[in-house]
Every structure is written in C-alpha cells, then in structure tokens.
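Dear colleague,

Please find below the structure that I am handing over to you. My notes on its contents follow directly after it.

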Amino acid sequence: MSRAGNRGNTQARWLGTGLLGLFLLPMYLSLEVSVGKATTIYAINGSSILLPCTFSSCYGFENLYFKWSYNNSETSRILIDGIVKNDKSDPKVRVKDDDRITLEGSTKEKTNNISILLSDLEFSDTGRYTCFVRNPKEKDLNNSATIFLQVVDKLEEVDNTVTLIILAVVGGVIGLLVCILLLKKLITFILKKTREKKKECLVSSSGNDNTENGLPGSKAEEKPPTKV
C-alpha cells in the first residue's frame, strides 16, 4: 500500500474518533451532580448537618436512581437510596441504613434536590459522603460528587486580626494618597491665584508710570520756566 493510502486511512481513523468524541461528549456532560462549592464541612458532635446534593440533566429523567454512601479508612456502606420517578414527583426512599438520616429532597421549582439531613452526629460520622445518580433515560448514564464531613468537639473561631491589620494599613495608605492629591490640588490653586494677582499688579504699575504723550494715568513731566 502506498504512503498516500496509509495517510488517508490514518486521517479517516482520526476523523472517526473525533466524530465519536463529539457525539459522546454531550452525553457525558448532560448529567451533572453537585454537593456545593465546599469540599469539606465541619459540624459539632451531637448536632445536625445537612449534606447537600442536587442534579441536573439536559435530557430530562425518568425513574432516576440515587444513593448516598459513606466511607472512611475502616468501613464503607450505603446510607440511603431511592427513586425519582419524574420531574413532577418527589424522591422516594427505598432503603435507609440509619434512622438518623432524613431525606430533604424535592423536585419542586426544578431544584432536583436529593440532600439528606444527618442528626445526632457522632465523631465516628467523620468521613466521605458520596451522592450518586443514575439516569435510565440517558442509557443509565451516571455521575457522582463527594463531600467530606469532619465532626468536631467545637468549632474554632477564626482569628481575623491579621486581616483587619492588613485592611487598616491598606485603608490608611489609600487615605494618605487621597490627602496628598487634595493638598497638591490646593497648592496648585493657591499658586495660580498668586500668579494672577502678581500679573495684575505689574500691569497696574506699568500704567501708572507711563510718562509719554500725557496718556491717561500718566504723570506730565515738569519743565523749568523759559528765561526771557
């Protein structure tokens, strides 16, 4: 086979792969799952915490399957799973591993919310929580998102001293620059007015000392009397 033929086959394979990728890309991007912007959340021992999760699909959904799972270095288990029939029905729980868990999900206003509330927290609840979604309408396309929960004895107060000092310094510098600019404008204004007054004074003085041709404002030169 000639080099031209090999080159043509290679280009055809690349073209086919590219077209396949373009075809599959919308499918992989259509089903999205989110647990919020924070990757780690903190909660006090004995309190309750909401673990957020929402999903979206460009193609809609029917009988969508979801589950929350927990895992740490020692154990892994499914906490809760269920079905969302369509966008007009709320999520329905099928299996729940812990009575402390409450499904807070809803599809109202197209929020597609499958968040869970975990009550009476214990230190052993620290770990990774994964929200998993599978959509049969998209040929069982699935996606997931994970959030880490850290159960603590008490929440540490954030020391903002350094931040306040930085803000104070920046504010002081900005204030100083503004004062310098205002002072500069004031000095420029005063110098301008001084020059104007000096100019007016020179013009007036020049007019008073004019001795030619008896011009207005001039002084006539005194001549001695003519001797007979």
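A residue is called buried when its relative accessible area is under 20%, exposed when it is over 50%, and partly exposed in between, with a 1.4 Å probe and protein chains only. By that scale Arg77, at 29% relative accessibility, counts as partly exposed.

The model is predicted, so local features need pLDDT of at least 70 and side-chain atom pairs count only at pLDDT 80 or more, whereas totals for chains, interfaces and linings use all residues. Residues are numbered from 1 along each chain as its sequence is written, and side-chain values use heavy atoms, with hydrogens and water left out.

Salt bridges

Side chains of opposite charge can pair when their charged atoms come close. A salt bridge is here a side-chain nitrogen of Lys or Arg within 4 Å of a carboxyl oxygen of Asp or Glu. Six of them are found in a search of the whole structure.

Arg77 pairs in this way with Asp97, and their closest N and O atoms are 2.9 Å apart. Because Asp97 lies in the loop between β7 (92-96) and β8 (101-103) and Arg77 in strand β6 (residues 76-84), the pair ties together parts that are 20 residues apart in sequence. Helices (H or I, at least four residues) and strands (E, at least two) are DSSP runs, numbered from the N terminus. Asp97 is partly exposed, at 45% relative accessibility.

A salt bridge also forms between Arg94 and Asp81, with 3.4 Å between the closest N and O atoms. This pair links distant parts of the chain, as Arg94 is in strand β7 and Asp81 in strand β6, 13 residues apart. Arg94 is exposed, with a relative accessible area of 53%, while Asp81 counts as buried at 8%.

Arg100 and Asp98 meet in a salt bridge of 3.1 Å, N to O. Salt bridges that share partners join Asp98, Arg100 and Asp125 into one network. Both Arg100 and Asp98 are buried.

The cavity

Which residues line the largest cavity? They are Tyr70, Arg77, Leu79, Asp98, Arg100, Ile101, Leu118, Asp125 and Tyr129. A cavity is a set of points, on a 1 Å grid over the protein atoms alone, where a 1.4 Å probe fits but cannot get out, and lining residues have an atom within 4 Å of a point. One cavity of 30 Å³ or more is found in the whole structure, and the largest cavity holds about 30 Å³ of space. Volume is the space filled by probe spheres set on the points, which are joined across faces, edges and corners. The lining divides into five nonpolar, no polar and four charged residues. Ala, Val, Leu, Ile, Met, Phe, Trp, Tyr, Cys and Pro count as nonpolar, Asp, Glu, Lys and Arg as charged, and the others, Gly among them, as polar.

Backbone angles

Most residues other than glycine have a negative phi. Asp120, in the loop between β9 (116-118) and β10 (127-135), has a positive phi near 50°. Lys139 has a positive phi of about 55° and lies in the loop between β10 and β11 (141-152). Lys139 is exposed, with a relative accessible area of 72%.

Yours sincerely

Conventions
On a 1 Å grid over the protein atoms alone, a cavity is a set of points where a 1.4 Å probe fits but cannot get out, and a pocket is an open set with protein on both sides within 12 Å along at least five of seven lines; lining residues have an atom within 4 Å of a point.
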